[in-house]
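Let us walk through a protein model together, one step at a time. Keep the picture open beside you as you read.

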Amino acid sequence: MTEPLLELDDIRVDFRTRHGAVRAVDGVSLAVGRNEAVGLVGESGSGKSTLGRVALRLQRPTAGRVRFAGEDITAWRGAQLRTARRRFQMVLQDPIASLDPRMTVGAIVGEPLHALFGVRGAAQRARVAAALDRVHLPAHLAARYPHELSGGQAQRVSIARALVVEPDLVVADEPVSSLDASVAAQILALLAELKAEQGLAYLVISHDLSLVRHLCERVAVMYLGRIVEEGPAEQVFRSPRHPYTAALLSATPGARGADGARRTRIVLSGDLPDPTAVPSGCRFRTRCPIGPVADPSRRRCVEVDPVLRPSPRDRVAACHHAACHHTDDVGRLVDPEPRNVQEES
Amino acid sequence: MPGAPPSDALLEVRDLSITFEGRHGRTHAVRGVSFDVAAGELVGIVGESGCGKSVTARALLGLVDAPGQITDGTIRLDGDDVLTMDARTLRSVRGRRIAMVFQDPMTSLNPVFTVGRQLIDVMRAHGHPSPEARALELLEQVEIPAPALRLRQYPHELSGGMRQRVMIAMALANEPEVIVADEPTTALDVTIQAQILDLLRRINRDQQTAIVLISHSLDVVVDVAERVLVFYAGRIVESGPTSRVFEAPAHPYTRALLGVVPRPGRAAVEPLAGSPPSLAPPPAGCAFAPRCRARLDRCVEDDPALDVVDGTPGHAAACWLDVSPRHEPGRTA
């Protein structure tokens, strides 16, 4: 990894609910380097969005530290926090709902300039026009209101709003999931272009593995408040070391393996466990296709909470970690009849 | 109709046209769509927002309400025209012979009644002799854990995946010949989506219930359906056996749609520029022409009809170009 820009260190977030305490994020560490794109993947309830909010300092962690460009910003507030906010911005899932319907596009994109830098008037208008141009929107759209925009245009506006203050990091929470495939592809291409041209770093939060695979160099997979696997995106997707990642990959519609053949579909049993009663030992064990449900002799999964560690099979790639006691079996799960590996390269 | 299966069709849609009256004039949402669904078949309909797929699905159950209006065409279910049925006959057909599963189970289920009550009501409406016993059996059939408990619970007490299973159980309750599922997995997480698609496939196989699966995702359909219809701007632009359409797409729109989905081993996503045209009124020529890289002069003036793609029975595309797969550049015959 390049020099770290954002560092999340042992983050824990507890929520009190009517049904008891929920640990939405349970001791997660993650870093994003300069000009690096990191994907945070998981399903509803995995804690990925909460972690994204912690990174943006919109959610105060119960425990752990948030560092940005080397500075500990965990306890920053008020004016101090606003100076930090000049350097990280966000793009949300539903572009129409996240834009104020009573403001024009120009006012929406200009607002952070005013709020964070006090830039107004002609200087603001010039920077808004430049930001719209960067996301390939015509300048005359500045006079329009959100309801007059298509979904793709609205998402470009929210990207322009994030870019107008020239941040170093953009946290994008499901940036394309409410868009049609062809529009999503346009936004994806735009995000890739901005990263290359402006040197942006991204934390991309998504349930969509193909999006993350396309845009990110590194990926972390979350399940029930923990990162269960982390590593270089290509490597994690090519040879997942955690059974949950393998299942996610195989469940993605149209998923193809490294050789282009359709992957064996791993259908997980049941739903996510009740977050107020996280299973003992490995938290994935109640749905795991290679765990104690399939093989009751695997007591270790019930008794010992696995930590993130390199798979014994990847001695070279120490940056690829999985939290599973039986990483060696995951390969079999993905590809029951391994083909000759040399043929693939 | 070119590319149509033999006429033993269970569901036969001919020249269906639907318009919506709005402030900006009349939108031609569905423009002369024809297709068949055979008994026990699993057909997928794909397209992006506004292509007419959902309103077509609703028309199959006679559910098009004002300002929508069916201006032309017939929909026959085993020979009976759904569009000319009176309200009473329609009520007896819906749920009993053709049933629907909607995208969002939370808004389709009634929050103030238990799951069991809603299942039983669906069966009582069609005079089922022993709905209580059948309700339990249905929940078992859709593989809901602890079914007896679930019958007594309210929709909000179930997870999203379980609610969608309940919707499927309700659709199955009166053993219909056809189930129309409109984006049944869109609101669900991928691992749950895989479970639901698996369930639909099993119902289709084990009970020979025909299923029309509507999705915005070509990939969802590819994994499940035997045959696929690709909608664009209110028309079917390509239809055929799913594997064929996926491996040798004939219409430039289908090709683009396949091209924009990031896949392992594909270097860059090539976005399809622009967006679908306004259908108020629809363009004179091919609706895809403004976005088509291979556009001919003719395409702008003349709207092509669905025509058989050379070499494959049942594979059809609406395009003026020579779309035979052997002419595809970079492909060896």
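Helices (H or I, at least four residues) and strands (E, at least two) are DSSP runs, numbered from the N terminus. What you see is a predicted model, in which local features need pLDDT of at least 70 and side-chain atom pairs count only at pLDDT 80 or more, while totals for chains, interfaces and linings use all residues. Residues are numbered from 1 along each chain as its sequence is written, and chains are lettered from A and ligands numbered from 1 in the order in which they are written.

Let us begin with chain A as a whole. Its secondary structure comes to 12 helices and 12 strands. Along the principal axes, the C-alpha atoms of chain A fill a box of roughly 70 × 45 × 40 Å. The radius of gyration is taken over C-alpha atoms, and the globule rule is 2.2 Å times the number of residues to the power 0.38. Because chain A has 345 residues, a compact globule would have a value near 20 Å, and the 21 Å of chain A agrees with that.

A residue is called buried if 20 or more other C-beta atoms lie within 10 Å of its own, exposed if 12 or fewer, and partly exposed in between, with C-beta atoms placed from the backbone. Of the 345 residues in chain A, 48% count as buried. Two residues are in contact if their C-beta atoms, placed from the backbone, lie within 7 Å. Among the contacts in chain A with a separation of 6 or more, 64% come from residues 24 or more positions apart.

Now find the sheet. Two strands pair if DSSP finds at least two bridges between them. In chain A, 8 strands form an open sheet with mixed pairing, in the order β6-β7-β8-β3-β9-β10-β12-β11. At its edges are β6 (88-91) and β11 (309-310) of chain A, each pairing on one side only. Helix α5 (residues 151-163) of chain A packs on this sheet, touching β6 and β7 (169-173) of chain A, and its direction makes about 175° with that of β6(A). Such angles run from 0 to 180 degrees between N-to-C directions, and the axes are lines fitted to C-alpha atoms, for helices over the stretch in contact.

In β10(A), 6 of its 7 residues are buried. Helix α9 (residues 243-251) of chain A lies across β9 and β10 of chain A, at about 100° to β9(A).

Where do the two chains meet? The contact takes 31 residues from chain B and 30 residues from chain A. On the side of chain B that touches chain A, the largest share, 6 residues, comes from α8(B). What covers the buried residues of α8(B) includes α9 of chain A. Q208(B), which follows α8(B), has a positive phi, near 55°.
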